[in-house]
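Trainee: I am new to this structure and would like to learn how to read it with care. Could you take me through it one feature at a time?

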Amino acid sequence: MSDAPVAVATFDGVSTTLPTPSSAFSRFARRQGWTVGVAVLFALMLVWRMSQVPRFGNFEIATITVGTMSVAFLAMGQSIVIISGGIDLSAGAMMVFANCLSALWMQDQGYAACLGIAVAVLAITVTLAAVIGAVITVSGVPDIIVTLAASFMLAGFALFVIGGPGGGTARQFQRLVAGGLDFYWPSVLWTVGALALVWFPLRRSRFGLSLYAFGSDRKSAFLSGVSIARTRILSYALSGLFTGFAGLVITAYTGGGQPRSSIGTTATLNSVAAAVLGGVALTGGVGGLIGPVLAALCLTMIPQLMVGLGWDPSNAETARGVIIILVVLVAGLLQARRRSS
Amino acid sequence: MNGALLTTSAVAKSFGTVVALRGVDLAVAPGEVHALLGANGAGKSTMVKILTGVLRADSGAIEIAGRPVEMRRPADARRFGLAPVFQDPAMVPDLTVADNLRLTGTDPRTIGQRLSAMDLDGLDLDEQARDIPLPFLRMLDLARAMSADPQLLLLDEITAALPPDLSERVFAVMQEWRSRNRSVLFISHRLAEVREHCDMCTVLRDGRSVASFVPREGGEAQIVSTMLGEAANAVREQARERVRAVRVEDRPILEARSVGAGRQLDDVSLSVSPGEVLGIVALEGQGQELLFDVLSGNRQPDRGDIAVDGRVVKAGHPFDVIRKGIVLVPADRINALLPQRSIRENVAAPLFNRVARWGPIRGRVERQRVAEAVDRLSIDTRAAAQVRRLSGGNQQKVTIARWLAPGLRVMLLFDPTRGIDVGTKHQVYDLVRALAEEGAAVVMFTSELREVGLVCDRAAVLHGGRVVAELPATASESTLLTAAHGLEVDEAPTPSAVGARHE
């Protein structure tokens, strides 16, 4: 900022020069660079994976897309909250809760009933998430504490509605939401559809701008007339929609409910990892949802690639950690160079 | 007032025990450019926040065009036809300018005309706000405020960050608003601008509106004397006596040599010797915060050097400077203390108060030292268990007491008496004088001009990131205030004065 080309006039008659606008390329690199980078990383992994398996067909694609779907949706929800300056540690537990509740209600139900139940479950997760957002707004307790407490409560709810693994759903519902191991289109369409029909219109709206504004600089946002309470509550509600859907995906994928709380904890951490790897700054105000979705795909592929190399799958977790640090480090260095140049 | 566009009556606001506004009456007529003036702490910024819905008044009434209004949030102010340009840019850094405009419901296309009227067509609205230099952000803020076509434009220190040619464009806007029979409320530290461009001004002092008059008639002199009021001159005798008594040693302990940092600190040279209290006088935002950051080793200067005992110091951390016996008592007391811990721990915590280098702290020695410090400052120990429960004055005494130990050579005090009661203020003054008599040097920024006469030996006046005058402690408050506004002063400066520069 300090070395921007402004001739600060000292005497009358000297005119202040306008800042030179940045070129279209540098602007694109700055705003979309990270997403492009993650896309390239994913493409490289995909090519590598294709070289590992002799016949790369529908089954291989499905293991990637269907396997990623719940993490991708969770990462989208998490990213929305982080962009608006918060963090949602209850996302994974919310997903497990939605999974258990839908599996309980959908057991032995027909296709139409399952669709109705799915909508009802989404309504419940949206409401619960909005309540969490409202508690944060009203109490002034930091996000991290309220959502951590909420994650314990939601894990408890999940165990309460379904004591152990169980429940069920209709076969058509499974095909509709998760597709199958030879049928990957539904998983791709749902993910792309959520981005295209929910996120992109919203991002351009006043609410979407408020999300970014609030996460970027609370004071400026407040002075610009952004309603703090509404922005917060809506960001959590929206996150609840995505995490609720992630729960339905698990129901469809596994055909039942599994109330083990460690699933939720791991899923929360994965969603934060995907958000950060996808270019969402933990300080808020920066990033989008495409990056996190691509990052979720990368995170799913790492163990597959390790297995393809004949490594012990347990090393995959180590590799995942190393890759996250490397990517964020390199991207951070590139950004620092831009700032100083 | 009949026909006034904006009227406030008896607006009052307190923050806890600190009274910011006692009663402000303001009347802005249609077609009038009205200045709101006051020295530091007079209540200007609180008043602006109330008028724009950022804060709510405790009592009093605000009327717009004769109708009482209640403003709860910034959006309300806009609805009532009042558009503010805030002192800090209200643009969200991570959004593009166009998105920032959409955020406030401004159509980015309509602002184009405003910008070209101000000869700023070249600004690219798709640039991120963080990449746009500050002066242009202010102009964009102004264009945004204007595009709502408000009855009243509220410009809070807008010219402070602007070069002269951009300031001229702001004045042109003020003229346009006047000619359309709309009004402007203009807040500025630059009295020449006020005299030149304002039809009327209202002066605040101690949270009260004390006078409204036409600034062109009385000029800067009337404005300054109204800001100060009657009380000012009693402390000068005391100061005169002291200046004669104190023998200032020649060799300076701490020197700033042409120090510059960031946008606000341009070129500051000053020095302080043992036994001397140097006052720093400045209006808000003239670089004093940065100066203290640099002096205390909290930040490296971008230009120039800091020297201790004549040797240049490159401080990487406040620790390096503290080791040389130079300590900072910052403005934010709670930030400097461990609020949940006891007085004893707070006083004992700083490194150079250390009782033992390694191993467990020797309780008896520590207790004794703390007791001495507490005694010396007569700190009220009734709430000793947790510092955060102490009154502001007692907290301030603890922040000072922490540093009272052998080895102290320079104490940097940033506005040490803000928000504390008169009795405690005098204890702080006595302590500062006592430190100087023991041979320490003190650099003290003060927002209360009378403190220069009460405690200091010399004052350096900062304006626009430069030392514009060095004045003896006997300088009158109006001289100090005039110099702080960057204007010429008559009183003869001390021999060591650094050349005042013209803008």
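Mentor: Let us begin with chain B, whose secondary structure comes to 18 helices and 20 strands, where helices (H or I, at least four residues) and strands (E, at least two) are DSSP runs numbered from the N terminus. Residues are numbered from 1 along each chain as its sequence is written, and chains are lettered from A and ligands numbered from 1 in the order in which they are written. This is a predicted model, in which local features need pLDDT of at least 70 and side-chain atom pairs count only at pLDDT 80 or more, while totals for chains, interfaces and linings use all residues; side-chain values use heavy atoms, with hydrogens and water left out.

Trainee: What does chain B average in pLDDT, and where in chain B is confidence lowest and where highest?

Mentor: pLDDT is the predictor's confidence in each residue, from 0 to 100. Chain B averages 80, and 83% of its residues score at least 70. Confidence in chain B is lowest in helix 9 (residues 236-245) of chain B, with a mean of 56, and highest in strand 8 (residues 183-187) of chain B, at 93. Over residues 492-503 of chain B, pLDDT stays under 50, and for this stretch the model has 18 contacts beyond four places in sequence, a contact meaning heavy atoms within 4.5 Å. Where pLDDT is low, the predicted coordinates should not be read in detail. For the complex, the predictor gives an ipTM of 0.79 and a pTM of 0.74.

Trainee: How many of the residues of chain B count as buried?

Mentor: Buried means under 20% relative accessible area, exposed means over 50%, and partly exposed lies in between (1.4 Å probe, protein chains only). Of the 503 residues of chain B, 56% count as buried. Helix 10 (residues 288-295) of chain B is mostly covered, since six of its eight residues are buried, among them B:L290, B:L291 and B:F292. That helix is followed by B:G297, whose phi is positive, near 80°.

Trainee: Which residues does B:V224 touch, not counting residues up to four places away in sequence?

Mentor: B:V224, in helix 8 (residues 215-228) of chain B, touches B:L191, B:S478, B:L481 and B:T482 on that count. B:V224 counts as buried because its relative accessibility is 3%. B:V224 and B:L480 are 256 residues apart in sequence and 10.0 Å apart in space, C-alpha to C-alpha. For chain B as a whole, among contacts between residues at least 6 apart in sequence, 67% join residues at least 24 apart.

Trainee: How many aromatic pairs does the structure hold over all chains?

Mentor: Rings of Phe, Tyr and Trp (its six-membered ring) pair if their centres lie within 6.5 Å, and planes under 30 degrees apart count as stacked, over 60 as edge-to-face and the rest as tilted. The structure holds nine such pairs over all chains. One of them is the tilted pair of A:F73 and A:F245, at 4.7 Å centre to centre with 45° between the planes. This pair links distant parts of the chain, with A:F73 in helix 2 (residues 58-83) of chain A and A:F245 in helix 10 (residues 228-254) of chain A, 172 residues apart. A:F73 counts as buried because its relative accessibility is 3%, and A:F245 counts as buried because its value is 10%. A:F73, A:W190, A:F242 and A:F245 form one aromatic cluster.

Trainee: At what angle do helix 4 and helix 5 of chain A pack?

Mentor: Axes are lines fitted to C-alpha atoms, for helices over the stretch in contact, and angles run from 0 to 180 degrees between N-to-C directions. Helix 4 (residues 111-139) and helix 5 (residues 143-161) of chain A pack at an angle of about 145°, with their axes 9 Å apart. The residues making the contact include A:L128 and A:I132 of helix 4 of chain A, and A:V146 and A:A150 of helix 5 of chain A.
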